[in-house]
Amino acid sequence: MIFAYTRISTTKKTQKHDRQQLTIQTYADENNFIVNEWISETISGTVAAENRPLYGNMFKHFKSGDILIITDIDRIGRSADDVISELKKLKSIGVRVVALDVPYMNDWNNTNNDSMYNMIIDIVITLKAHMAQQEREKIVTRINQGLAAAKEKGHSLGRPKADVPTDFIREYNKLINGEYGSMSKVQFAKMLDMGRSTVYKYISMLNDKAAL
């Protein structure tokens, strides 16, 4: 079976599935195959793949040898880590992914070549993991720079929101909005490479500010 999955965000009213569907259909015509099942989901990109109703239902029907076609690799996840997780799960059950925005993953011949596909998907997963780690390191660097700047200005870390690094606030908002799934505050601290006491202090400062 060949599945095509398209996703648009509920927060962008001007978006439609048409563009993605046309791109996939054109690819199918060029490579002489028929898409057996079309799944079009309208849901925020901040929702993890496993929490998307239509995607989850499609996943339950996958069998080894099936092919999943998407226009952009990020359509199957809310973050790099989520995409990596889905690619690994799909590989483990024998489902091959054709991502039209990724070189070599968009080559139909590679999809039908066992050794070539496995090599490509392993490289993509490795690169995605590297990019995710780089992004986490950038976040940590920005937070540390914000701390250093605050100290140079003589600010006390005990003051309210103004002294909490902007990057920390942004990442913490993602956490409480569910963008990091069920990640605990301990895991959150680990992701940011920060001490738990510092993370709890920042959270307390933000909560105190919100209560004013």
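Which strands does α1 lie across? Helix α1 lies across β1, β2, β3 and β4, and runs at about 155° to β1. Helices (H or I, at least four residues) and strands (E, at least two) are DSSP runs, numbered from the N terminus. Angles run from 0 to 180 degrees between N-to-C directions, and axes are lines fitted to C-alpha atoms, for helices over the stretch in contact. This is a predicted model, where local features need pLDDT of at least 70, side-chain atom pairs count only at pLDDT 80 or more, and totals for chains, interfaces and linings use all residues. Residues are numbered from 1 along each chain as its sequence is written, and side-chain values use heavy atoms, with hydrogens and water left out.

Now look at the sheet. It is open and has four strands in the order β2-β1-β3-β4, with parallel pairing. Two strands pair if DSSP finds at least two bridges between them. Strands β2 (37–42) and β4 (96–99) stand at the edges with a single partner strand each, so one side of each has no neighbour in the sheet. From one strand to the next, the twist averages 20°. Strands β1 and β3 run parallel and are joined by three bridges. A4 has I69 in β3 as its bridge partner. Helix α2 also packs on the sheet. It touches β1, β2 and β3 (contact means heavy atoms within 4.5 Å).

Next come the rings. Rings of Phe, Tyr and Trp (its six-membered ring) pair if their centres lie within 6.5 Å; planes under 30 degrees apart count as stacked, over 60 as edge-to-face and the rest as tilted. By this rule there are eleven aromatic pairs. F3 is buried at 4% relative accessibility. Buried means under 20% relative accessible area, exposed over 50%, partly exposed in between (1.4 Å probe, protein chains only). F62 is buried too, at 9%.

Ring pairs link F3, Y5, Y55, F59 and F62 into a cluster.

Finally, find H17 in the loop between β1 and α1 (18–30). H17 is buried, with a relative accessible area of 13%. Its side chain makes a polar contact of 3.1 Å with that of T42. A polar contact is a pair of N or O atoms within 3.5 Å; within protein, one must be able to donate a hydrogen and the other to accept it, and residues adjacent in sequence count only if both atoms are side-chain atoms.
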